[in-house]
Amino acid sequence: MKLTHRAQHAEPFHALAFGERAAALEAAGHRVVKLSIGEPDFGAPPAVREAMRAVMDGRPLPYTPALGLPALRTAIAGFYRDRHGVEVDPARIAITTGASSALLLATAATTEPGDEVIIADPSYPCNRELVTSFGGTLVTVPTTAASRYQLDAASVEASWSERTNAVMIASPSNPTGTSIPFPELAAICDLARSRGAWRIVDEIYLELADPDRDGSPARSVLAADPAAVVIGSFSKYFGMTGWRLGWAVLPEPLVAPVERLAMHYFLSASTPAQYAALAAFTPESLALCEQRRLELVARRHLVLDGLAALGLPVPVRPDGAFYVYIDVSGTGLDAWTFCERALDSVHVALTPGRDFAAATADTHVRLSYAASADELTEGLSRLGTFLTSLG
Ligand SMILES: Cc1ncc(COP(=O)(O)O)c(C=O)c1O
């Protein structure tokens, strides 16, 4: 019996592997400061937890329609209207098992052998794996600190070929936490649209992004490109990583194909999680999530100041997702060894650049500041001890 090429060649997700090593150290009695995984420590808003308790009253919880609970699709459309001034027909929203499944469905519906997909280096590793799983060819575009480690229209244009089928973007991005300025994002989408390519834009960190200078919320790409495929999630802003709930906003021609694929792949996303998630959109829950966003901004400052004091450079300051991408090349260690030794000697878990990048694989590590301020302070102090031990 044989294994498929995709199964044999899938890269490990090192952030999770470092998380597991951290868990093993904890099981052995060590206190580990876990800054390797992008999980806010807040948990779901209380109203969501209460709604989950209420739905667990013994009632049957059958599958929902494949594209999700109609009320939740309407609530998400209402959120786009109220927060972003964008009208989205709820019929174009697919509820999924986290953004992960939305990305899987979007890739499955748009990518086939021979297609080229443009993606930034560094970027979220699962996207690379999805594209190659469906036979697509990755065109990874090296980025620099000058472009905030993001694509811009010029680099997309330079990477274009007659086989280009899609551009995949995350703004704000993982691992750098940086956003593409809105006019630049619009320009990339214009270019791709005018050449008949899909725009798959992951906005799962959008609600955590810094507001515009006039105080208005960071804008969704839908305001510039209503036919982009937009990926959203309950994991980050709503603090619901383990609930496994996300969504895709689909252009009209993708709705029926994605519905068919969703039926076969998943039947539906979790029914109780979908009912509970309705309570994420109450004014109280949204106000709480905004407070948490501000708390994350405070943590960002704490970490940036702390790293500066330690002499660890962060070439580009994050403006949205709760990550900093640190250049550790000045320590004399490659990024992988830095992460291994920081975990083994001072029990601080970080993620090596290898997960996200080719160009910065050996020089950069990602730190997630989704952990509490106390944890971050402790982590920084231990990193100080670690750096001193390097001499
Ligand atoms: C950019 C990006 N997209 C998608 C995901 C997956 O999120 P979810 O928990 O909604 O599946 C992550 C998780 O960290 C991410 O960083």
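Mentor: Happy to. Let's start with a cut-off: a residue is called buried if 20 or more other C-beta atoms lie within 10 Å of its own. And keep in mind that this is a predicted model.

Trainee: Where is Q274 found, and what does it touch?
Mentor: Q274 is in helix α10, residues 271–277. Leaving out residues up to four places away in sequence, Q274 touches T64, G68, L69, L72, I95, L245 and A269.

Trainee: And how far apart are the C-alpha atoms of Q274 and R244?
Mentor: They are separated by 9.6 Å, while the two residues are 30 residues apart along the chain.

Trainee: Let's zoom out. Which domains does the assignment give?
Mentor: The domain assignment gives domain 1, made of 5–44 + 285–390, and domain 2, covering 60–281. Their C-alpha centres lie 24 Å apart.

Trainee: How many residues are in contact between domain 1 and domain 2?
Mentor: On the domain 1 side there are 34 residues, in contact with 36 residues of domain 2. Two elements, α11 and β9 (323–327), each give two or more residues to the side of domain 1 that touches domain 2. Of these, α11 gives the most, with 6 residues. By class, that side of domain 1 has 20 nonpolar, 6 polar and 8 charged residues.

Trainee: Now the largest nonpolar core. Which residues touch the most other members?
Mentor: A94, V229 and A248 do, in a core of 112 residues. Helix α5 (residues 98–110) provides the largest share, 7 residues. Domain 1 and domain 2 both give residues to this core, so it lies between them.

Trainee: What does A248 touch?
Mentor: Not counting residues up to four places away in sequence, A248 touches A94, T96, A102, L105, A106, V229, V230 and I231.

Trainee: Which residues of α11 and α13 meet?
Mentor: From α11 you have R299, L302, V303, G306 and L310, and they meet A373, L376, L380, L383, G384 and L387 in α13. By class, this contact has 8 nonpolar, 2 polar and 1 charged residues.

Trainee: Changing topic: which peptide bonds are cis?
Mentor: The bond from D121 to P122 is cis, with omega near 15°. P122 is in the loop between β3 (116–121) and α6 (125–133). A cis bond also joins N174 and P175, where omega is about 25°. P175 lies in the loop between β5 (164–170) and α8 (182–194).

Trainee: One last thing: what is phi of R148, and of Y149?
Mentor: Phi of R148 is near 55°, a positive value in a residue other than glycine. For Y149, phi is near 55° as well. R148 is in the loop between β4 (137–142) and α7 (153–158), and Y149 is in the loop between β4 and α7 too.

Trainee: Are R148 and Y149 buried or exposed?
Mentor: R148 has 24 C-beta neighbours inside 10 Å, so R148 counts as buried. Y149 has 26 inside 10 Å, so Y149 counts as buried too.

Methods. Residues are numbered from 1 along each chain as its sequence is written. This is a predicted model: local features need pLDDT of at least 70, side-chain atom pairs count only at pLDDT 80 or more; totals for chains, interfaces and linings use all residues. A nonpolar core is a set of buried Ala, Val, Leu, Ile, Met, Phe, Trp, Tyr and Cys residues joined through C-beta atoms within 7 Å. A residue is buried if 20 or more other C-beta atoms lie within 10 Å of its own, exposed if 12 or fewer, and partly exposed in between; C-beta atoms are placed from the backbone. Helices (H or I, at least four residues) and strands (E, at least two) are DSSP runs, numbered from the N terminus. Domain bounds come from an automatic or database domain assignment. Two residues are in contact if their C-beta atoms, placed from the backbone, lie within 7 Å. Ala, Val, Leu, Ile, Met, Phe, Trp, Tyr, Cys and Pro count as nonpolar, Asp, Glu, Lys and Arg as charged, and the others, Gly among them, as polar.
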